[in-house]
Amino acid sequence: MMFDRDHEWAALARFVTDQQPGATLGVVSGRRRQGKTFLLDAVCTAAGGFYFGATEATDSESLRRISAALTAYGSPPTPYHFTDWFEVVDALLALGRDRPVPVVIDEFPYLAKANPELPSIIQQAFRPLRQERSESRTRLLLCGSALSFMGKLLAGNAPLRGRAGLELVVRTLDHRLAARFWEITDPHLALRVNAIVGGTPAYRKEFARGDSPSGPEDFDDWVVRTVLSPESPLFREARYLLAEEPDLRDTTLYHSVLAAVAEGNATRSGMAGYLERKAADIAHPINVLEDAGLLHRDADVFRDNRPAYRIAEPLVGFYHAIMRPVWDQLERPGSAGRIWQASRRRFASNILGPHFEQVCRDWASHHADPDLLGGLPARVGHGVVNDAARRTGHEVDVAVVGIGDGRKAPLLLIGEAKWNDVMGMGHLDRLRHVRSLIARGGRYDTAPTRLACFSGAGFTDELRALAARSDSDVLLVDLAELYGEP
């Protein structure tokens with residue numbers, strides 16, 4: 001019943017079956033809808049462990065709920081009636097006196113919100129020489145989807161810093177795995193679907209009820225009947241993702257920041273101009289959105305201190321670029337088809353183009369053979385190369401930097417990505433010019449730099465012939481290569 005997640009399952013299995021004495025602590029995090037609960041529940045079922053899913057509740061109600069759950073699990077002579085979390089944690093440690101036992105507290109941020117002392121209580125319970133810990137083999141797993149909270153749980157001077165023996169992040173499926181999960185074999189269709197729903201497993205199984213486009217000709221109808229349908233859970237999901245984050249109190253401002261990015265304002269100054277505010281005024285919401293995993297900062301490979309931002313969750317980007325501007329119309333039943341037809345060009349420019357560029361960078365980072373790139377990537381990103389003579393800047397969609405080994409870092413590859421354009425010699429000439437500018441700048445060693453053309457529409461015969469030469473430094477990457485097709 002589980003798709004992929006072999007790495008996560010193996011890590012959890014090693015942790016919960018560890019026979020060494022002494023209770024251990026693990027932390028599991030990840031964005032919502034990634035299958036964390038499914039994994040942890042399955043681990044508890046397989047190993048006879050205890051699973052408790054917290055809810056938004058007062059501290060006293062949560063104590064009553066976990067008392068009832070532990071009573072049902074352990075069947076003690078008298079029911080548990082815990083009065084504080086010290087008693088709870090010691091009861092959980094007692095479960096592992098005879099054997100390793102997985103104990104899961106899911107949605108831990110809900111409990112900590114009601115009782116901020118809870119991480120310190122667990123810290124005290126897991127003191128190295130404490131008898132209750134040393135005589136236990138409980139494998140306590142704290143899980144949460146609030147990334148802003150979970151990211152700080154083991155950081156800096158946090159109480160649990162240094163206490164965890166496992167820190168597992170359950171990530172979204174990449175574009176290749178997402179295509180397999182949605183059972184889409186056409187890479188062109190797979191990328192269009194991925195640009196909307198990303199790699200979140202729940203969006204197919206629970207939210208779309210297994211509805212996947214039957215083919216390229218079904219894509220438009222699929223968008224209308226799922227993402228843009230007011231009756232579909234996907235319709236309001238982007239709004240709920242923000243509402244569920246505990247640190248996002250004034251969601252209006254955060255939605256506006258995301259809308260600015262969706263409109264192509266990828267820098268802080270661009271966002272500030274879009275919002276008609278000073279750049280300093282939006283620093284906090286940008287940082288909070290980063291901590292929540294909804295906004296991602298990409299450093300410029302060629303210019304220091306000039307980061308660009310992108311929306312990390314495709315569905316949120318689709319909502320802000322396509323749905324939010326016409327939300328009132330979309331809520332009217334029967335309007336989705338007309339609105340989608342009028343939005344397709346905007347979808348191609350604001351969503352598909354940038355998403356295709358990011359997939360190209362992901363391919364270079366995680367899938368490309370290092371021999372194809374000329375070495376192992378140390379950094380993959382994008383940036384702007386200054387052209388003083390022409391008084392302009394040249395955008396580089398894909399830049400791959402190798403390992404310097406104490407010398408000037410080699411620039412393994414620079415590339416241009418075009419979703420809808422058939423790429424030809426003009427694109428290659430531009431890349432050659434950009435490479436010469438980078439060489440004059442002196443920051444990177446450009447001797448090994450290959451020139452890559454990434455296209456969703458194909459390449460001219462002349463460019464293909466040039467790339468096929470044995471002495472060519474040109475690399476052509478199409479959708480079949482991005483999706484690992486033979």
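Analyst: First, a rule: a charge counts as sitting over a ring if NZ of Lys or CZ of Arg is within 6 Å of the ring centre and within 35 degrees of the ring normal. K205 passes that test with F181, lying over the ring face at 5.8 Å from its centre.

Some housekeeping before going on. This is a predicted model, so local features need pLDDT of at least 70 and side-chain atom pairs count only at pLDDT 80 or more, while totals for chains, interfaces and linings use all residues. Residues are numbered from 1 along each chain as its sequence is written, and side-chain values use heavy atoms, with hydrogens and water left out.

Now the rings. Phe, Tyr and Trp rings (the six-membered one for Trp) pair if their centres lie within 6.5 Å; planes under 30 degrees apart are stacked, over 60 edge-to-face, and the rest tilted. On that basis the whole structure holds 17 aromatic pairs. Take F235 and W327: their centres are 4.5 Å apart and their planes at 20°, so they count as stacked. F235 sits in the loop between α12 (219-225) and α13 (237-243), and W327 in helix α18 (residues 327-330), so this pair ties together parts 92 residues apart in sequence. Buried here means under 20% relative accessible area, exposed over 50%, and partly exposed in between, using a 1.4 Å probe and protein chains only.

F318 and W340 give you a tilted pair, 6.1 Å centre to centre with 45° between the planes. F318 is in helix α17 (residues 314-323) and W340 in helix α19, so this pair links parts 22 residues apart in sequence. F318 and W340 are both buried. They also belong to a cluster in which ring pairs link W182, F219, W222, F318, W340 and F347.

What surrounds F318? A nonpolar core is a set of buried Ala, Val, Leu, Ile, Met, Phe, Trp, Tyr and Cys residues joined through side-chain atoms within 4.5 Å. The largest one has 83 residues, and F318 is among the members touching the most others, along with I196, M323, F454 and L482. Helix α19 (residues 336-366) supplies the largest share, eleven residues. At least three residues come from each of domain 2 (174-362) and domain 3 (368-483); the bounds come from an automatic or database domain assignment. M323 touches F318 and F235, as well as V227, L228 and L330, leaving out residues up to four places away in sequence; contact means heavy atoms within 4.5 Å. A second, separate core has 33 residues, including I121, I122, F126 and M150.

Over to charge pairs. A salt bridge needs a side-chain nitrogen of Lys or Arg within 4 Å of a carboxyl oxygen of Asp or Glu, and the count comes to 22. In one of them, R32 meets E107, with the closest N and O atoms 3.4 Å apart. R32 lies in the loop between β1 (24-29) and α2 (36-47), and E107 in the loop between β3 (101-106) and α5 (108-114), so parts 75 residues apart in sequence get tied together. R32 and E107 are both buried.

D429 and R432 also form a salt bridge, at 3.7 Å N to O. They are three residues apart in helix α21 (residues 425-441), about one helical turn. D429 is partly exposed at 43% relative accessibility, as is R432 at 34%. D471 pairs with R469 at 3.2 Å between the closest N and O atoms; D471 is exposed at 55%, while R469 is partly exposed at 47%. There is also a salt-bridge network linking D90, R130 and E132.

Definitions and conventions. Helices (H or I, at least four residues) and strands (E, at least two) are DSSP runs, numbered from the N terminus.
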